[in-house]
Amino acid sequence: MPDSAPRLPPSGSAYDLLVVGGGITGAGIARDASLRGLRVILIEKDDFASGTSSRSSRLIHGGLRYLEHGQLKLVFEASAERRRLLRLAPHLVRPLRFVWPVYAGARVPFWKVAAGVTLYDALALFRNVHRHRTLSARGVLRKEPGLTGEALRGGVMYYDAATDDARLTLANVLDAQRAGALVLNHAAITGFVIERGLVTGAQVIDRLTGETAELRARAVVNATGPWSDEVRRMEGAAHRPRVRGSKGTHILVPHARVGNHAALTLLSPVDGRVMFALPAGRFTVFGTTDTFTDASPDQVRPSEDDVAYLLRAANTFFPSSELARGDVISAWAGIRPLVATTADSPNAASREHAIEITPAGVVTITGGKLTTYRIMAQQVVNVVCRRIGAGRTSITAHAPLPDDTPARDAACAADARAAQLIIPGLEWRWGELAWAARSAHAATLADLLIRRTKLAFETPDHGLGVAGAVAEYVAPLLRWEGAAVRAAVDAYGAEVDRIFGVDAGAGV
Ligand SMILES: Cc1cc2nc3c(=O)[nH]c(=O)nc-3n(C[C@H](O)[C@H](O)[C@H](O)COP(=O)(O)OP(=O)(O)OC[C@H]3O[C@@H](n4cnc5c(N)ncnc54)[C@H](O)[C@@H]3O)c2cc1C
C-alpha cells in the first residue's frame, strides 16, 4: 500500500499515555485523556471498532435483564450513562421504545416483568425518556400486530436507547484526535519495552506499510477487550486469564417480513434467555446468543446452530414471518470480554468492568459495556493521572460528542456521483466513502463497507458485488494504483469470509 508519508512517529517519541486497542473502551480513554491535556497515542491493530465494538446489539441501555441477577449498581450506572449520552450525543444515541410481551408459562411471569420495569424506572431516578406502561394482551397486539396472540397475557412498554456502535467509537476517536491525540488504526503493538520490570513503551508495526517504531510512554493502558490476555502475555510474567469470552450472534432479516414497530424483548423458546428483535431501518435484527467460547477474537464467526436458534425465536413470536435460512441477509458474531468468572452460564456473568494495574505497571481494563464506556474511561484515566501526576479533571460528563453529519453531508453534496446511493434502497452514498477515506481514517474496503457504512451487513453478498467499483472510486484518495486496487478487493473478500461466514453447526 504505497503511502509516502510515514504514519508512525519516529522511534523514541514519548507520550504521557499509550492506549492499546481502538474499540469503544480505548477510544473513550483516548478522548478522556486528551481532553485532560495529556499527550496521548492510540494504537489499533485493525480498524477502530473492528472487534466487539462493531458486533454489539447497538443498545445504550440500563440493562433491564441484569435486574434478574441482582446487578442493581450496574443498572443504576448504565441508566445514568444512557441519560448522559442521550443528552451529549443526540445525533448518535436515540430513544428506543421496547415492548416485552408476556406469554402464559413464560420463565419470567408478568408480575416479575412489571416489578422489573418499575425498579428499572426507579434506578433511572424516573428520568428515563418516558416511564414504562403495562399493557393488556390487546394493548400489546395493537402496538405489535405481527406478534402471535396465542397464550399472550399482556406486556409492558419501556424505553432504552439505540446507537451505531462503530460510529460512536469513531466519534470518540475523532474527538480525541481533535484534542491532540495521535490515533492510528492498522497499527499493532507487538511487544512492550520493559525496564527494571516496568513497561515504559512498546514496539509498534504499521500493518499497512510494514514500518516499525519503538515508542515511549509514561503510562500504558491495555484496552484490548477480548484480546487483553494476549496483550498481557507481552508483559512477560505468567498470569491467570482475566477475560472469559462469551460469543454473541445476531442475524439480520427484512423488516417487511417481521413487521415489528418497536424493539421487542423476548424469551427464547429454546432456553428462556432474554433476547431482542430490534428495528434497523429496512431490516430487523434478532439477537443474541450467549455462549462461552475459547475461539480467537480474530476468528469468531456465527454457526448454523446460532442462526437456527435465532430463527426459531423469530418464527415463534412472529409466525407469519415464516423466516427460512435463505431469508437471513447476514449473520455475525462478537465476543463479550467478560471479567473472568466462575458463573456456570455467560448469561449470569457480570457485565461490570474491572481496572487493574499489572505488576509491570500496565493499567488493564476488562469487561464493561458499550453503554458504560464513558464512565469506564473516566475511571481509567483517573488511575493514569494519579500514576503519572499529571492531567486535569475529566470533562466528558459534560462535553458533547461532536457531530460529523454536516461534514459527511458536505462530501455527499460535492458532485452528482457523490450524491448517488451506492446501492439503490440502502441509505449509503458514494460521498460518504470519500469523507471516510479523507477524514475518518478508512484505509481498506472493510473499513468503508463494514464500519463507516453498514452496507456489508445489509446486502446478502456483503457488498462484494460493489467492492470493485468502490475500490476504483476511493483509489485516488487512498493512493491505490494498478495491482493495489485488485489486492484491496481480494483482501475484502477474505474479510467478508472472516466476519460474515457461517460455520457448520453441531446439529443440536
Ligand atoms: C453480541 C454482543 C452484543 C452486545 N450488545 C451490547 C449492547 O447492546 N449494549 C452494550 O452496552 N454493550 C453491548 N455489548 C458489549 C460491548 O459491545 C462490549 O463491551 C464493547 O464493545 C467492548 O469494547 P472494547 O473496546 O473493550 O473491545 P473491542 O471492541 O473488542 O476492542 C478491542 C480492540 O483491541 C484491538 N487490539 C487487539 N490486540 C491489539 C494489539 N496487539 N495492538 C493494537 N490493538 C489491538 C482489537 O483489534 C480491537 O479493536 C455486546 C457485546 C456482544 C458481543
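1. Ground rules. This is a predicted model, in which local features need pLDDT of at least 70, side-chain atom pairs count only at pLDDT 80 or more, and totals for chains, interfaces and linings use all residues. Residues are numbered from 1 along each chain as its sequence is written.

2. Helix α13 against helix α14. The axes of α13 (residues 445-452) and α14 (residues 464-478) come within 10 Å and cross at roughly 110°. Helices here are DSSP runs of H or I with at least four residues, strands are E runs of at least two, and both are numbered from the N terminus. Axes are lines fitted to C-alpha atoms, for helices over the stretch in contact, with angles from 0 to 180 degrees between N-to-C directions. The two helices are therefore roughly perpendicular to each other (a label for angles of 65 to 115 degrees).

3. Who meets whom there. From α13, L445, L448 and L449 meet A467, V470, A471 and V474 of α14; contact requires C-beta atoms, placed from the backbone, within 7 Å. The residues of this contact divide into 7 nonpolar, no polar and no charged (nonpolar being Ala, Val, Leu, Ile, Met, Phe, Trp, Tyr, Cys and Pro; charged Asp, Glu, Lys and Arg; polar the others, Gly among them).

4. How covered is α13? Helix α13 is mostly covered, with 8 of its 8 residues buried. Buried means 20 or more other C-beta atoms within 10 Å of a residue's own, exposed means 12 or fewer, and partly exposed is in between, with C-beta atoms placed from the backbone. D447, R451 and R452 are among the buried residues. The cover includes α5 (165-178), α12 (430-439), α14 and α15 (483-500).

5. Helix α12 against α14. These two pack at an angle of about 35°, with their axes 10 Å apart. W430, L433, A434, A437 and R438 of α12 make the contact with V470, Y473, V474, L477 and L478 of α14. By type, that contact has 9 nonpolar, no polar and 1 charged.

6. The nonpolar core. The largest one has 148 residues, and those with the most contacts inside it are L17, L18, A30, V40, L42 and V221. Such a core is a set of buried Ala, Val, Leu, Ile, Met, Phe, Trp, Tyr and Cys residues joined through C-beta atoms within 7 Å. Helix α9 (residues 373-388) gives the largest share, 8 residues.

7. A loop residue. L208 sits in the loop between β9 (198-206) and β10 (212-222). With 17 other C-beta atoms within 10 Å, L208 is partly exposed.

Terms used
Parallel < 35°, antiparallel > 145°, perpendicular 65-115°, else oblique. Contact = placed C-beta atoms within 7 Å.
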